[in-house]
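Subject: Structure handover

Hi,

Here is the structure I promised to pass on to you. Please have a look at it first, and then read my notes below.

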Amino acid sequence: MDTHTMKDIEWAKINKDVLNSLEKPRKTFWVVIGVCALLVLCGAAAEAYQYQEGLGVALMNRPHFWQLYISNFVFWIGMSHSGTLLSAILLLTKADWRKPIYRFAEAMTLFSILTAAIFPVIHLGRVWDMYWVLPYPNQRTIWPNFRSPLLWDAAAITTYATSSALFLYIGMIPDLAICRDNAKGWRKKLYTTLSLGWMGRAREWMAFRKTYVLLACFLVPLAVSVHSIVASDFAMSIMPDWHITSFPPYFVAGALYSGCAAIITLFVMLRYIFKFEAYMTTEILDKTAKLTFAIAMVWNYLNLTEYASIWYSNDMFEKEVLLEKFFGPYALVVWVMLFCATVAPFAMAFEKFRHNMWAMFWLSLVIQLGMWLERFQIVSPPLASNHEPWTWNVVWPGAVQLTLTLASFGWFTMLFLTFCKVFPSVSMYEVKEMVFHRRKASSRSEMDDLQKIKEDMIKTEEGLA
Amino acid sequence: MSMSNVASSWKRVKAPWSFKLTRTIFLITMGLLIPVGAWADDVSDAPQPIEFPHNRHASKFKINCMYCHTYARRSKVAGIPPVAKCIGCHEHIPSVRNKPRIKKLFSYWEQKKPIPWLKVHDMPDFVYFTHKRHIQRFIFKDGRPTQQVCGMCHGDVKTFTVGKKVRAMTMGWCLSCHKQFEEGSGSDIGKPAPAERWMIPVAATDKPLMKVDHPQPAVLNPERPETMKLSQIKKLSERLPAKVKEHLVHAPHDCWQCHI
Amino acid sequence: MRRKKHLLFATFEDFDKARDVVSELKVLDLKEMVVENIELYSPIEHPEVEAILGEFHQPIQRFTFFGAITGAVCAFLLTAAAAQAMFTVQPQGGKAVIPLPMDIVIVYEGAILFGVLSTLAAFFIYSGMPRRLRKYYSQKVSEDQIGIEVQILPENKEKVRATLDKCGALEIREVIQ
Amino acid sequence: MALKRMLENWSRLRQRDYYENEPYMWGMSIDLNKCIGCGACVTACYAENNLPVVGKDHCSRGHSMHWMRIERYWGEPHGDADIDIKESEYPERGAHYIPMMCQQCNHAPCEPVCPVAATYHSPDGLNTQVYNRCVGSRYCGNNCPYKVRYFNYFSFWKNLPHPLEMQLNPDLSVRDKGIMEKCTFCVQRIRDAKDKANDEGHPHSVKDGSFMTACQQSCPTEAIAFGNLKDADSKVAKLWEEHQVELNRHEQDKAEDIRGYRVLEELNVEPCVMYLDRVRDTQA
Amino acid sequence: MSQNKSSNDWSRRNFLKAMGLGGAGSALVLSGCGDTDIINAVDIEVRKEKVEPQVDPQDFVRPGIEMYYASTCRQCPAGCGIHARIRQGRVLKLEGNPASPVNAGRLCPMGQAGLQGHYNPDRLTKPMLRKGGKLVEVSWDEAMDALIKRMGKKKSSRIAWLNGAVSGHQRALIESYLAAAGSTGNLFVFDTLPPAVGHAVNESMLGHAMPKFNFERARLIMSFGADFLGTWMSPVHFAREYARFRDAPRGTLIQIESKMTLTGANADRWIAVRPGSEQMLAMALGSIIVNELETLPEISNPLVQVLADVDMTEATRITGVDSRTMHKLARLLIRHSPSLILSGASAEGNENGYQTATAVHVLNYILGNVGKTIEPRAKDVFPQLTPRMGGWKELSNFTDGVKSGRFDTVVTYGTNPVYQAPDFMKMDAVFKKTPYHVAFAQFPDETSLMADIVIPVHSYLEEWGTDMPAYAAEDGQLSLQQPVMNPVFGDAGTRSFGEVLLGLLKRLDKKYKRWNSHSDYIREAMWNMRDAIVNAPKPELPGQTKEDAYWQGILSQGLVRIKVAKAKSIKVHLPDTIKSPPVIKEDATYPYHMIPSARLGLWDGRHANLPWLQELPDQLAEVVWDSWVEIHPKTAEKLDVETGDLVKVTSSQGSLEVKVLVFPGIHPEVVAIPMGQGHTEYGRYAKGRGVNPYKILAPKFDKETGELASHGTRVSVTKIADRGPIVTLAHGDLVLESNTSIQAGREIVKTVTAKQFNRTEEEA
């Protein structure tokens with residue numbers, strides 16, 4: 001599908017296509033949903049078991065107090081990043097190729113936060129007392145300890161979830177109006193309530209544009225702060241190879257990296273499931289891929305800097321851990337990670353590759369695997385060889401942890417697809433704009449007309465005056 | 001613990017606004033996981049093996065609390081008097097010898113069986129409370145009347161038959177007292193900080209969480225119905241002798257003094 | 001009782017026509033032809049038409065600004081207060097009264113959160129939402145047509161109607177309420 | 001400049017002398033020349049502190065709960081005195097034993113990271129752990145360089161058959177699943193000692209040696225000394241004095257050959273436990 | 001004492017607690033009894049705890065306030081004094097009795113864990129009779145009738161009594177019972193660890209089985225396998241002695257053995273020697289010293305000749321210790337006088353054990369240590385109370401007796417030969433053969449469960465008694481043992497051994513009718529020896545009778561000191577010669593020596609049912625809850641095994657399957673399997689766990705004494721399965737794959753030289 005024809009799509013057709021996606025997707029949709037639901041059920045069972053028996057069933061121990069739950073948490077938070085961040089940045093930079101893809105990217109953000117937010121809960125030893133982490137005035141006059149990075153997490157995540165949810169919703173209102181005008185039955189009711197009586201009046205459009213840009217301005221620094229705060233969970237501790245100054249930027253880069261990969265994955269999936277060939281074009285994929293490649297390079301740079309700085313600092317403890325990482329019991333993880341996240345992305349340097357949907361699909365999965373392992377190797381090896389040689393030991397995540405991990409993927413995908421089924425996953429009005437502007441840009445004459453009209457206006461105003 | 005239980009125990013709560021606030025936050029945040037432990041052990045309705053008339057002993061005969069609860073001044077626990085103690089007096093009081101309660105008492109004595117009392121004031125197991133320190137400080141150092149001192153926590157016992165739990169005995173309730181005393185002390189540790197004062201309505205309330213059907217002794221003096229204001233407390237603690245003030249420094253300002 | 005409002009609602013198939021109409025109407029030079037009386041309905045943004053139509057007064061960014069400030073202050077107070085409370089309930093030497101690092105983080109987040117929320121509030125205020133749909137709202141508008149609603153005095157009805165026709169209105173509804 | 005001064009003020013507030021007029025600072029000294037690694041202290045700790053016996057499987061998964069553990073090393077640390085028999089195929093200088101328990105750091109890394117402030121520093125200079133406040137985020141466990149914090153991965157008390165439970169010490173709680181715990185310097189004994197001192201009318205001064213921690217009490221070679229560092233004539237304070245160990249390691253200038261060190265003190269966590277070097281006769 | 005009402009559904013109660021409070025933020029549950037009074041039960045519906053006051057308590061019993069009772073530890077024959085901490089009539093903790101010269105307020109892991117024997121869930125609480133081939137629980141009356149029928153009437157020397165190491169009035173009572181029953185001299189004492197050979201040698205050479213060893217005076221201790229810090233007679237006492245020995249000026253400890261013991265781990269120099277060649281080494285050292293010493297004490301020619309004749313190259317070959325080291329050691333011995341040379345299990349547990357011990361004392365004599373670091377004992381005033389340590393010889397005498405059918409009733413108490421004895425002794429067959437077998441037992445151990453009648457007895461914390469320590473720190477010490485709480489299972493559950501035995505005695509002998517209880521018996525016995533006691537307590541309180549004051553006094557001390565005469569200096573009886581050591585032949589089929597290593601903790605296996613000790617890691621291997629076989633890295637390489645592999649250890653008598661632990665502190669030709677595990681009975685914590693090395697010991701005995709040569713067995717090792725988990729707490733070992741945990745550059749344990757230590761300590 002070539003982009004230049006994209007200016008010829010009729011607005012009516014845009015509505016029709018997108019609205020269709022809400023009604024009849026391919027069969028694959030239902031299959032995927034089913035599988036995910038199953039995974040989620042297994043996860044629930046596993047959690048119930050763990051809640052009953054105690055955390056020991058997850059096979060963590062001393063010194064491995066943290067493991068998959070935390071690395072999954074970091075992974076999902078990371079995943080959530082690129083969505084909103086890219087959407088916001090591209091909006092501010094007026095890159096119009098964002099328009100067909102930003103909607104699902106933001107949805108991805110929202111749902112991966114929701115997924116991430118589950119893990120701290122699962123991770124707690126006494127879930128039933130979790131509310132003690134909240135600052136509320138109480139009889140005991142006891143407050144949570146704001147010095148703990150875990151509390152910063154709480155704050156950051158709440159803010160991030162709220163803001164990106166709102167960003168998503170606001171951006172969706174005009175489309176909801178469109179749906180409202182075409183839907184029947186329960187959907188009609190739903191859209192009517194959600195669209196808040198949007199009629200596309202001039203004042204609405206103006207307020208809308210301002211708000212949207214303002215939110216975008218907030219979201220960029222927010223997204224950055226969120227992941228650097230997650231990084232500080234590690235950087236603020238004194239564990240060798242956690243206590244690293246470059247962690248915040250390193251985490252942010254990693255987040256964007258895995259996020260972009262996720263966008264590509266979902267891009268291809270949606271394109272197939274909801275038949276969006278007309279809108280999700282190779283051109284866009286190509287641009288996204290280039291972006292991903294760039295970020296991959298940034299991440300690699302930071303990764304190598306980290307190694308280098310540890311090596312040259314020549315700190316006994318940190319060096320120990322570094323060596324253990326590369327040649328110790330967790331070596332396999334590290335090497336696979338390095339292959340998936342450092343070597344693999346170079347494939348995107350080739351245009352042929354970038355333009356092949358399914359190749360990109362698999363590559364994005366490989367990258368995500370790499371990034372997931374990266375999170376694991378951030379958490380576990382330093383614990384395995386810590387300050388105290390006596391306690392050194394190796395633990396691999398047990399069945400419970402793995403089940404819950406899979407379940408989280410199921411949970412995310414389920415939520416995401418359900419969203420795409422209920423709400424337009426391609427922004428109709430923005431695509432219309434894109435089409436409109438491109439058409440205008442392509443036809444010189446229209447420009448002239450505009451010029452003429454402007455002159456007339458001036459005349460008339462003079463006349464009025 | 002079923003939700004209905006929770007609900008019922010909540011209903012019986014007469015609480016200040018801020019406590020309601022706290023409560024709402026609880027309900028919203030934790031849903032089913034509401035703490036009920038502190039309220040689950042209200043046993044004022046529990047059938048004791050013998051309906052012991054505190055009012056007779058404490059009010060009519062003015063027997064000092066520590067005559068029966070003899071360990072209170074030297075041990076963590078006040079202790080239920082051994083059966084021998086009851087008999088010690090009652091075998092010399094033929095007049096009531098045939099009252100059913102006394103008969104029952106003697107039957108226990110003859111079979112050398114302990115009386116299976118039900119525990120009325122059951123602190124959570126993670127709470128360390130020592131009677132000794134409180135008795136020593138209030139009765140022997142301040143020289144307050146025994147019944148008043150005991151009344152601070154156990155209510156106006158001379159109006160009871162069997163013992164009742166008339167105080168919440170929650171952490172906030174303990175703190176309420178301790179904070180007020182801290183006011184007098186020179187130590188900056190444990191003194192309520194400015195930021196903390198706006199929570200004092202929660203902390204310093206002496207209102208019991210359990211509904212009770214008889215007048216309440218206030219924190220410091222049984223005659224006055226309402227809680228003392230901080231200012232009043234300050235005045236009072238200024239009146240205290242120096243050695244007592246010195247002693248005040250030792251009111252808990254450290255979780256580990258009560259939770260190990 | 002207030003006077004009846006007379007409205008003319010017309011739909012057009014593209015922006016050029018809409019533009020023409022607006023300019024024409026302005027040329028008509030009727031005294032009621034001011035921004036507030038001309039409503040423009042459209043499926044997408046249309047900056048250039050607004051250029052003709054004129055601006056609304058929508059100081060959303062101010063809300064944002066003050067929202068952010070409030071957020072920062074609240075967050076600071078909360079952390080400071082909590083730190084105080086902890087500091088006295090649990091004396092822990094080696095801890096600052098009001099520790100900076102955490103304040104930076106929490107204040108940062110607080111500012112953003114409140115900023116976002118107040119911006120949202122402003123949006124609802126100035127866009128006049130949420131509201132009911134107008135009876136004469138045409139669903140075409142959300143698809144590919146442009147709607148123009150003119151509030152007029154009864155005596156000028158014909159003149160305006162003519163103008164609309166001239167510019168090729170697809171349909172014209174007349175609403176009295 | 002002003003900012004600098006402000007920070008300085010704060011750091012002063014951070015200093016230990018914030019507790020200057022607190023009467024106690026509990027400290028310990030362990031003589032590795034005497035310690036024979038028999039494990040009496042370990043068992044004593046089990047008996048005193050209601051530590052659960054977790055059983056074979058849990059031990060193999062690293063869930064064991066010994067607050068006090070004895071570490072046995074073979075390999076020599078650098079700076080060791082053995083020269084002549086390095087290449088021997090036996091550890092001819094015997095093993096290296098060191099009892100390891102919570103070091104009650106004064107700049108404890110575990111304290112600031114607890115989200116609910118369940119662990120904090122007590123006025124006695126103890127690093128506390130309030131079981132009923134703990135929500136089990138296990139951050140403290142990660143951040144402890146000595147890895148001496150132990151997490152209840154299960155409700156271990158449930159497999160305590162009658163009548164074994166009759167042995168449990170009523171002075172402190174039995175911990176359920178999901179709670180972090182660690183050595184407390186036998187705080188229940190400290191509390192009783194204070195209580196007694198209070199009765200005897202000297203509330204601010206618990207007499208040195210009027211009580212012992214469980215490990216100290218059971219140690220057959222009396223390698224462990226425990227007491228109040230603020231009390232200049234307490235045994236432990238004297239030991240610290242004569243081995244030139246200061247709580248703040250920047251204040252201490254140690255003569256090279258004098259024994260006495262604190263494990264991992266280069267991390268500036270200011271542990272309250274001093275170890276006296278192991279001794280070997282290299283002439284033999 | 002308060003009457004002890006213990007909760008019967010404890011866990012249920014606390015489950016409710018956890019529920020009720022879990023939400024409130026405590027998932028903490030308090031111990032079995034609350035602090036207020038004794039909690040009896042909980043009523044599920046209304047969630048009420050009953051709290052029961054005592055009916056008529058003594059006035060010193062106060063809820064919430066602890067009391068301490070002085071008594072004596074019976075976990076091993078050392079007989080440390082203990083203080084039992086009591087709260088609401090429950091004993092909560094055992095602590096050392098500062099007044100006791102044995103342990104001076106200190107207590108070893110085993111002593112601490114005595115509580116768990118006392119509160120053990122697997123204790124026998126009902127008497128059992130063998131009916132139709134299997135044991136069934138019966139009422140006490142039925143049991144007592146059966147017992148009386150059996151043991152209540154006179155027999156002519158038909159009762160045999162097999163007992164663990166025994167002393168004090170328990171011994172006296174047993175012996176007088178046997179006398180009354182006409183079976184005088186039928187008391188056989190069997191205990192695994194006490195060094196019988198050593199005792200014999202001491203007896204013959206130094207005139208006393210256990211002379212006093214003065215560590216403090218010694219400037220150098222050379223120990224041939226005497227694990228005095230771990231398992232040698234009186235660990236706590238020797239540990240204290242050791243501590244003084246280590247003060248500046250610091251004595252030097254040299255340990256010579258083939259498998260590192262706890263003592264070896266603390267030695268300044270640990271020397272691996274081939275098992276059985278200790279005698280050779282001792283004699284080699286002797287000959288060097290004889291050559292180098294200018295002034296020899298007078299010594300018979302043949303002996304000098306023997307020493308002079310030692311062929312050094314041969315010695316080097318046999319012992320595996322190069323002559324340079326030997327000369328170094330000899331010179332050390334000469335330089336650091338007075339020294340002290342000890343011989344222990346691994347030296348004496350060979351066929352030439354007696355000779356080795358003799359050689360060691362000859363060394364002591366030559367170096368003039370006797371009288372300096374080896375001090376004389378005073379004469380025992382009450383020989384009938386002195387400890388009987390026993391040994392394998394007595395066990396075999398006992399078995400011979402049974403085989404020959406001399407006995408129609410066999411009584412066992414406090415010993416477990418069915419578990420301890422090697423297979424070749426066929427103990428189960430022996431006990432099957434006994435016409436009638438009475439077992440006094442606290443736990444369902446292997447021996448008791450073969451009995452025809454099992455009498456469940458009180459634990460030592462519920463029992464009266466007196467006791468003399470295996471190694472008396474001071475001459476004439478007699479420690480007292482008293483009940484520190486009411487019987488856990490009530491009198492309906494268990495009964496006092498002394499009570500039962502006294503009851504039997506009354507039927508046999510009129511004069512015992514005087515005492516209506518065992519405690520009276522003890523009390524009067526003590527009262528009768530009041531004049532023989534150093535400053536016996538006098539009445540202080542008004543209205544206190546002499547006897548009460550005395551009784552209260554000695555009970556609260558927990559021990560008495562018997563006046564003894566001044567000890568006469570030791571007169572050494574040198575042997576004319578020492579048999580030359582046997583040559584250790586290579587054995588193709590069984591190339592390795594097997595050492596059954598005992599450790600402070602499980603001891604000889606009697607403590608395998610105490611969870612604390614099961615979870616207490618082995619001091620060197622750091623393994624818990626399991627058995628393992630220690631193999632030197634070189635040997636492991638040769639056998640191609642690594643830590644965790646399952647191997648089969650085969651001797652001429654059978655084989656064991658056990659996990660490998662590659663372990664540096666062991667001679668390459670030796671494999672060591674720890675004792676203590678491998679119970680087939682003995683309760684939930686011990687049953688079916690690990691292996692028992694004693695089972696496959698070969699029938700080798702010490703020539704002179706006839707004691708079992710426990711270290712003389714040869715085995716072969718074959719790998720049968722690959723690496724599996726081995727439960728050690730030294731995780732580092734396993735991670736690093738180099739089975740010795742290193743400090744990885746951290747200075748966790750710093751070390752200084754003794755010279756430096758002495759200098760700085762003198763300055764200070």
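**Where chain D meets chain E**

Between chain D and chain E there are 40 residue pairs in polar contact, both residues being at pLDDT 80 or more. A polar contact here is a pair of N or O atoms within 3.5 Å; within protein, one must be able to donate a hydrogen and the other to accept it, and residues adjacent in sequence count only if both atoms are side-chain atoms.

Before going further, some housekeeping. This is a predicted model, in which local features need pLDDT of at least 70 and side-chain atom pairs count only at pLDDT 80 or more, while totals for chains, interfaces and linings use all residues. Residues are numbered from 1 along each chain as its sequence is written, chains are lettered from A and ligands numbered from 1 in the order in which they are written, and side-chain values use heavy atoms, with hydrogens and water left out.

Back to the interface. On the chain D side, 96 residues are in contact with 112 residues of chain E, contact meaning heavy atoms within 4.5 Å. The area buried between the two chains is about 8,800 Å², and carbon and sulfur atoms give 59% of that. Buried area is the accessible area (1.4 Å probe) that two parts lose on being put together, summed over both.

Chain D and chain E also share nine salt bridges, a salt bridge being a side-chain nitrogen of Lys or Arg within 4 Å of a carboxyl oxygen of Asp or Glu. In one that links D:E92 with E:R269, the closest N and O atoms are 2.7 Å apart.

Which elements give two or more residues to the side of chain D that touches chain E? They are α2 (40-48), α3 (56-60), β2 (69-73), β3 (96-100), α5 (187-199), α6 (214-218) and β8 (278-280) of chain D. Helices (H or I, at least four residues) and strands (E, at least two) are DSSP runs, numbered from the N terminus. The largest share, seven residues, comes from α2(D). By type, this side of chain D divides into 46 nonpolar, 26 polar and 24 charged residues.

**Strand pairing**

β8(D) pairs with strand β28 (residues 751-753) of chain E in the parallel sense, over three bridges. Two strands pair if DSSP finds at least two bridges between them. Here D:R280 has E:T753 as its bridge partner in β28(E).

Within chain E, strand β27 (residues 713-721) runs antiparallel to strand β22 (residues 592-597), with three bridges joining them; E:M594 stands opposite E:T713. β27(E) also pairs with strand β24 (residues 646-651) of chain E in the antiparallel sense, over six bridges, and there E:T650 is partnered by E:S716.

**Salt bridges elsewhere**

Over all chains, the structure holds 68 salt bridges. One of them is between the side chains of D:R69 and A:E388 (3.5 Å, N to O). D:R69 lies in strand β2 of chain D and A:E388 in the loop between α13 (357-384) and α14 (399-422) of chain A, so the pair joins two chains. D:R69 is buried at a relative accessible area of 3%, and A:E388 is buried at 0%. Buried means under 20% relative accessible area, exposed over 50%, and partly exposed in between (1.4 Å probe, protein chains only).

B:K132 and D:D199 form another, with the closest N and O atoms 2.6 Å apart. B:K132 belongs to helix α8 (residues 131-141) of chain B and D:D199 to helix α5 of chain D, so this pair joins two chains. B:K132 is buried at 10% relative accessibility, whereas D:D199 is partly exposed at 41%.

There is also a network of salt bridges that links B:K76, D:D171, E:E66, E:R85 and E:R87.

A:S225 is found in helix α7 (residues 202-235) of chain A and is buried, at 8% relative accessibility. A polar atom of its side chain lies 2.7 Å from the backbone oxygen of A:L222. Leaving aside neighbours within four places in sequence, A:S225 is in contact with C:Y108 and C:E109.

As for chain D, it has seven helices and eight strands, and 74% of its 284 residues count as buried.

Best wishes

Key
Nonpolar A, V, L, I, M, F, W, Y, C, P; charged D, E, K, R; others polar.
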